[in-house]
Every structure is written in structure tokens, then in C-alpha cells.
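Reader: Hi! Could you walk me through this one while I have it open on my screen?

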Amino acid sequence: MGTIMWLLALFTIIFISLHHLHTRRNRGQIPVSVNYHFTRRCNYTCGFCFHTASTSYIEEPNRAKEGLRLLANAGMRKLNFAGGEPFLYPKFLGEMIDFCKQDLKLESVSIVTNGSLIREDFLRKHGKNLDILAVSCDSFDEATNIQIGRGTGTQVKKLCEIARWCEKYGVLFKINTVVNRLNYMEDMNERIGELKPFRWKCFQVLIVAGENDTEETLRNGHKFTISDGEFEGFCERHRGQPSLVPEPNSLMAKSYLILDEYLRFLDRTGKQPSRPILEVGVKKALESVFWDEGAFLERGGLYDWVKPEMEKSCGKGGREELDW
């Protein structure tokens with residue numbers, strides 16, 4: 001009798017698992033968090049950049065909005081604007097931010113920027129619709145920043161200025177650091193402790209085929225690479241920072257859902273990008289690329305990404321939990 005019950009229980013588990021897998025395949029992936037690299041142009045020359053200025057194309061605002069609406073209808077809850085450098089196009093960027101909050105009602109809207117072109121009047125005008133502003137800073141030694149290709153010696157001063165503006169206009173302040181051959185021995189504890197970002201993302205420098213992997217590409221990042229152990233050593237040195245979020249290559253490489261300037265999903269396994277979502281729709285475009293949902297969750301891709309005042313107005317209880 002015990003054996004029969006055990007077999008029935010095992011059959012039930014297998015049936016439920018297969019049903020869940022079938023349902024998930026039919027439903028398809030949910031693009032819960034999307035990174036929209038709407039431009040490849042940049043005013044900096046970071047030697048390890050993995051999304052290089054291979055084109056100067058930027059989508060028409062109305063077509064971009066149509067694409068973002070498709071993504072929202074498919075389940076997108078967070079959109080991050082990136083580049084290139086998004087603040088090369090402040091009018092386009094501001095219009096898209098306002099559209100995402102006011103029309104699409106997205107939970108979270110964020111920007112990743114090198115910070116050099118941000119002006120206070122932009123945050124004064126659009127800050128109410130922006131949840132997170134992430135500024136890239138790879139070193140608090142300006143000589144190192146110059147070696148990397150991040151400006152001419154004003155990166156840290158500008159970073160501190162932006163941190164004050166974010167506090168003034170109610171935007172969550174985040175810092176992104178690429179840990180590489182030039183900075184992996186640096187101790188950033190004191191300055192990070194002073195700036196108090198709500199998140200400090202530390203990425204292990206990444207090589208992406210066709211972007212920064214050979215002398216034939218616009219950048220060759222190999223001279224900046226570090227070992228896994230060297231990256232872990234940097235993270236261990238800063239383990240006491242409550243905002244620290246480490247991202248080694250194993251988690252970063254295929255866990256980001258990237259929409260390029262043509263509204264195509266990129267595939268980091270070396271395959272071709274998807275067709276534009278305006279042509280084939282979100283579901284079909286997603287099916288043609290590889291996105292590692294497991295790594296997305298493991299690296300903390302789902303987190304409290306709504307600024308406090310927005311949380312109070314919409315209520316945490318209103319969020320629908322994902323069924324992965």
C-alpha cells in the first residue's frame with residue numbers, strides 16, 4: 001500500500017511540473033525589466049565599453065512610444081534608459097520618462113548615465129517621473145578615470161553634485177562601478193560611505209563578442225579584464241557597504257533584457273538580434289533570443305525599485321507577484 005501511495009504522489013508531482021512547464025511555454029517569457037539602449041552615441045571613450053557607437057540611429061519618438069506600450073502590455077514593470085549616453089538627447093529622454101510614468105503607469109523608470117551632461121533643470125522638470133538615476137563612477141581617483149576614458153578630471157565632482165540633486169528632487173541615487181584592471185585594488189569605502197547610494201552595483205568588466213573583443217571592434221576590453229578571484233577580492237574589501245550589489249560575469253552576461261536602438265532584443269549568445277518588436281510583437285521577438293531568467297533573479301533583478309513616495313501612493317499590495 002505504501003508503495004502505491006508513493007507512486008501516486010510521484011505521478012502527481014510529475015504531472016504538476018509538466019503542466020507548469022507547458023503553461024509557461026504557452027505564456028512565454030515576461031519582459032518584467034527592460035533596458036532600452038536607445039542610442040549608441042557617447043561623449044566618453046571608456047576602453048571596456050560593451051555597447052559601442054556602431055550606429056548613430058535613434059528611433060522616432062512616436063515609434064519608440066508605440067514599442068514601449070507593447071512592452072508594458074506584455075508585462076514590463078520597470079524600464080531603464082541607457083546608451084551610449086542617454087543625456088546626449090535630453091528632450092527625447094525627458095519625453096520618454098514622462099510617457100512611461102504618466103501614460104504607461106510603469107512601476108519604475110530609471111536612467112544609467114556617465115553623469116557628465118546632466119543639468120539640474122532636467123531633474124527639476126522630470127524628477128517626479130524618475131525613480132532611479134544611476135551614475136557610472138569607476139574610481140575616486142581622477143587619474144584612473146582619465147585612463148579608463150571617463151572624462152577629463154571632473155567625474156567625482158559631478159557625481160557629488162548629482163547626488164545632491166537626487167536628494168533635492170526625490171530621485172533614488174545609484175552608483176555603477178565597473179571593476180577592472182585599473183581599479184580593482186582601490187578602496188572606495190570612505191567615498192561610498194559619504195555618498196550613501198541606495199544601490200552600488202559593482203560589475204566585473206565584461207567582454208561581448210562583436211562589441212569589445214578584438215582590435216577590429218571599436219573597443220578592445222581585454223586589457224581591462226580581471227580574474228574572478230580579483231573581482232571577489234574587490235567585493236570582499238567593500239563587503240561592509242549595505243548598498244553593495246556585486247555582479248560577476250557569470251550573472252551579468254545573459255541576464256539583462258536589452259532592447260537596442262532599432263527596438264530589437266539583443267542576444268548575448270552571439271545570435272542575431274530579434275526582429276523589431278513593432279514588426280513581430282514582443283512575444284515572437286523574445287522567443288528568438290536567449291534571456292536567462294534564472295540569472296536575472298539570482299543577481300537581484302527584482303528589488304524594491306519604486307521610490308518611497310510612489311510606494312505610498314500605489315501601495316505595495318497592488319503589485320502582482322510574478323509566477324516564474
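Predicted model: local features only at pLDDT ≥ 70, side-chain atom pairs only at ≥ 80, totals over all residues.

Reader: Which side chain does arginine 150 meet in a salt bridge?

Author: Arginine 150 meets the side chain of aspartate 138, at 2.6 Å from N to O. Aspartate 138 lies in the loop between β4 and α5 and arginine 150 in the loop between α5 and α6 (155-169), so the pair ties together parts that are twelve residues apart in sequence.

Reader: And aspartate 138, buried or exposed?

Author: Buried, because its relative accessibility is 0%.

Reader: Nice. How many salt bridges does a search of the whole structure find?

Author: The search finds 16. One of them joins the side chains of lysine 201 and glutamate 247, at 2.8 Å from N to O. That pair links distant parts of the chain, with lysine 201 in strand β6 (residues 199-204) and glutamate 247 in strand β7, 46 residues apart.

Reader: Are lysine 201 and glutamate 247 buried or exposed?

Author: Lysine 201 counts as buried at 4% relative accessibility, and glutamate 247 is buried with a relative accessible area of 0%.

Reader: What about glutamate 59, which side chain does it meet?

Author: Glutamate 59 forms a salt bridge with arginine 63, at 3.0 Å from N to O. Here glutamate 59 counts as buried at 4% relative accessibility, whereas arginine 63 is partly exposed, with a relative accessible area of 39%. There is also a network of salt bridges that links Glu120, Arg124 and Lys168.

Reader: Switching topic, what is the strand order in the open sheet?

Author: The order is β7-β6-β5-β4-β3-β2-β1-β8, eight strands with parallel pairing. At the edges are β7 (244-247) and β8 (258-259), each of which pairs on one side only.

Reader: So where does β4 come in, and how well is it covered?

Author: Five of the five residues of strand β4 (residues 132-136) are buried, so the strand is largely enclosed by the rest of the structure. Both of its faces are covered: Ile132, Ala134 and Ser136 are buried on one side, and Leu133 and Val135 on the other.

Reader: Over how many bridges do β3 and β4 pair?

Author: Four, in the parallel sense. Within that pairing, valine 112 has alanine 134 in β4 as its bridge partner. On to β2: strand β2 (residues 78-82) and strand β3 (residues 108-113) also pair in the parallel sense, over four bridges. Lysine 78 stands opposite serine 108 in β3.

Reader: Which strands do helices α2 and α3 lie across?

Author: Helix α2 (residues 61-73) lies across β1 (33-37), β2 and β8, and runs at about 165° to β1. Helix α3 (residues 90-103) lies across β1, β2 and β3, at about 160° to β3.

Reader: How many helices and strands does the chain have?

Author: The chain comes to 13 helices and eight strands. Buried residues make up 51% of its 324 residues. As for contacts with a separation of 6 or more, 72% are between residues 24 or more positions apart.

Reader: What does the side chain of glutamate 142 reach instead?

Author: There is a polar contact with the side chain of asparagine 145 at 3.0 Å, and the side chain of glutamate 142 also reaches the backbone nitrogen of glutamine 155 at 2.9 Å. Glutamate 142 is found in helix α5 (residues 142-148). Leaving out residues up to four places away in sequence, glutamate 142 touches Gly153, Thr154, Gln155, Val156 and Lys157.

Reader: Last one: where is cysteine 235, and what does it touch?

Author: Cysteine 235 is in helix α8 (residues 228-237). It touches Leu244 and Pro246, not counting residues up to four places away in sequence. Cysteine 235 is buried, with a relative accessible area of 3%. From cysteine 235 to tyrosine 184 the C-alpha to C-alpha distance is 9.1 Å, and the two are 51 residues apart in sequence.

Key
Residues numbered from 1 in each chain as written. Heavy atoms only, no water. Helix = DSSP H or I, 4+ residues; strand = E, 2+ residues; numbered from the N terminus. Polar contact = N/O pair within 3.5 Å; in protein donor to acceptor, adjacent residues only side chain to side chain. Contact = heavy atoms within 4.5 Å. Buried < 20%, exposed > 50% of the residue type's maximum accessible area, 1.4 Å probe, protein only. Pairing = 2+ DSSP bridges. Axes fitted to C-alpha atoms, helices over the stretch in contact; angles between N-to-C directions. Salt bridge = Lys/Arg side-chain N within 4 Å of Asp/Glu carboxyl O.
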